[in-house]
Amino acid sequence: MSGVSNWLATRWLALPGFAHSTVFILALTLVLIVCVAYLTLWERKLIGWMQLRRGPNRVRLFGIPHTEYIGQPFADVVKLLIKEIVTPARSNKVLFRLAPAITLIPAFAAWAVIPIAPRFAIANVDAGLLYILSLTSMGVYGVILAGWASNSKYAFLGAMRSGAQIVAYEIAMGFALVGVLMASGSLNLGTIVDHQRGAPFHWNLVWLFPLFMVYFIAGVAETNRAPFDVAEGESEIVAGFHVEYSGMGFALFFLAEYANMILISALTSIFFLGGWLSPLDGYLPAGSAIRHVPLLGLVLGDGTHWLAAKIFFLLCVFLWLRATFPRYRYDQIMRLGWKVLIPITIVWIAVEGILIWFRVGPWRV
């Protein structure tokens with residue numbers, strides 16, 4: 001067995017760099033697609049438990065016993081694949097079909113610069129933060145194109161509402177990341193994580209807690225999740241910008257929402273919660289089995305499991321918010337974005353600048 005492993009390792013190292021990148025891209029994309037599919041199931045089950053009901057509990061995984069409800073995501077995919085795709089007669093057919101892809105692709109492309117383990121990212125670029133900012137702002141184009149290309153007043157009004165909301169909260173997110181840049185002194189996401197090395201007290205969460213709250217709240221609004229889902233308020237605007245979509249066209253918007261939830265959770269973990277760093281650093285010896293997972297460490301490096309755990313926790317917070325808070329009015333959403341979150345970020349950036357100037361806290365050296 002060891003001989004086979006050595007042969008595979010030798011062959012793998014002999015491959016050119018672009019082959020390694022291609023394999024990692026395909027593997028990461030496959031993992032993300034599966035996670036998006038099963039996040040829809042986890043949402044229905046978790047909210048069901050919160051509301052004292054069962055949620056999905058019928059569909060087995062390919063008929064295998066004791067896998068009730070696990071096959072639900074596959075059933076949903078099959079249902080959406082066989083549904084008829086209806087294109088409005090007077091719509092701009094090219095843009096109508098292109099809009100869902102413009103919404104979904106940035107949510108996957110952003111993972112190219114996200115470090116999922118120490119010294120590992122598909123593209124370890126020094127301007128990774130700028131790359132993230134540019135891609136996360138691309139989603140609004142898909143939303144606006146979907147509403148405009150549908151040639152429907154309902155869809156267009158929904159797109160305008162959603163576009164205004166995304167722009168408002170994108171500004172707050174950008175200012176929050178300015179604070180992260182000031183704290184770490186680098187645009188490289190791996191360096192941002194390394195700057196938080198040590199016990200959890202060294203994480204950006206401690207000294208940038210207001211920016212953490214602003215970033216996560218803005219992320220919830222950016223993904224059009226409850227309680228900020230006025231773009232899909234069925235009682236008000238008949239499902240918003242994607243009202244004319246059906247079948248896989250609607251499914252792509254649906255999947256983009258969940259893919260963006262995973263992306264926002266990953267970015268929040270990296271910027272404020274130490275990324276792959278263990279919360280047990282400084283409390284357990286370096287070789288502790290709790291801190292290291294041998295299989296993941298062999299493939300990617302130690303710490304990937306901690307990043308996954310932090311992402312999962314933040315995703316559960318996304319779902320908890322949906323089960324707890326009622327939907328805000330649109331004027332309340334815009335007031336929160338422009339008059340509360342943006343001023344908070346500006347004030348705390350000024351406070352952070354003062355702390356850096358006087359070398360207080362983590363900046364004292």
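Mentor: Let us begin with a definition: a salt bridge is a side-chain nitrogen of Lys or Arg within 4 Å of a carboxyl oxygen of Asp or Glu. Please keep in mind that this is a predicted model.

Trainee: Why is the pair R322 and E43 called a salt bridge?

Mentor: The closest N and O atoms of R322 and E43 are 2.6 Å apart. The cut-off is 4 Å, so the pair qualifies.

Trainee: What makes E43 buried or exposed?

Mentor: E43 has 3% relative accessibility. Buried means under 20%, so E43 counts as buried.

Trainee: Which residues are linked with E43 and R322 in a network of salt bridges?

Mentor: The network links E43 and R322 with R225 and E257. In total, the structure holds 9 salt bridges.

Trainee: How do you know that E68 and R60 form a salt bridge?

Mentor: Their side chains meet at 3.0 Å, N to O. This is within 4 Å, so the term applies. E68, at 29% relative accessibility, is partly exposed, and R60, at 39%, is partly exposed as well. Another salt bridge joins R329 and D331, with the closest N and O atoms 2.9 Å apart.

Trainee: Why is L252 called partly exposed?

Mentor: L252 has 26% relative accessibility, which falls between the limits of 20% and 50%, so it counts as partly exposed. L252 is placed in helix 12 (residues 247-272). Leaving aside neighbours within four places in sequence, L252 is in contact with P100 and L104. The C-alpha atoms of L252 and A101 are separated by 7.1 Å, although these residues are 151 residues apart along the chain.

Trainee: How many cavities of 30 Å³ or more are there?

Mentor: The count comes to 1, and about 40 Å³ of space lies in the largest cavity.

Trainee: What makes the lining of the largest cavity nonpolar, polar or charged by class?

Mentor: The lining has 6 nonpolar, 1 polar and 1 charged residues. Among the lining residues are I132, T136, E170 and Y215. Glu counts as charged, so E170 belongs to that class. Helix 5 (128-136) and helix 7 (153-184) each supply at least two residues of this lining.

How values were computed: Residues are numbered from 1 along each chain as its sequence is written. This is a predicted model: local features need pLDDT of at least 70, side-chain atom pairs count only at pLDDT 80 or more; totals for chains, interfaces and linings use all residues. Side-chain values use heavy atoms; hydrogens and water are left out. Helices (H or I, at least four residues) and strands (E, at least two) are DSSP runs, numbered from the N terminus. Buried means under 20% relative accessible area, exposed over 50%, partly exposed in between (1.4 Å probe, protein chains only). Contact means heavy atoms within 4.5 Å. On a 1 Å grid over the protein atoms alone, a cavity is a set of points where a 1.4 Å probe fits but cannot get out, and a pocket is an open set with protein on both sides within 12 Å along at least five of seven lines; lining residues have an atom within 4 Å of a point. Grid points are joined across faces, edges and corners, and a volume is the space filled by probe spheres set on the points.
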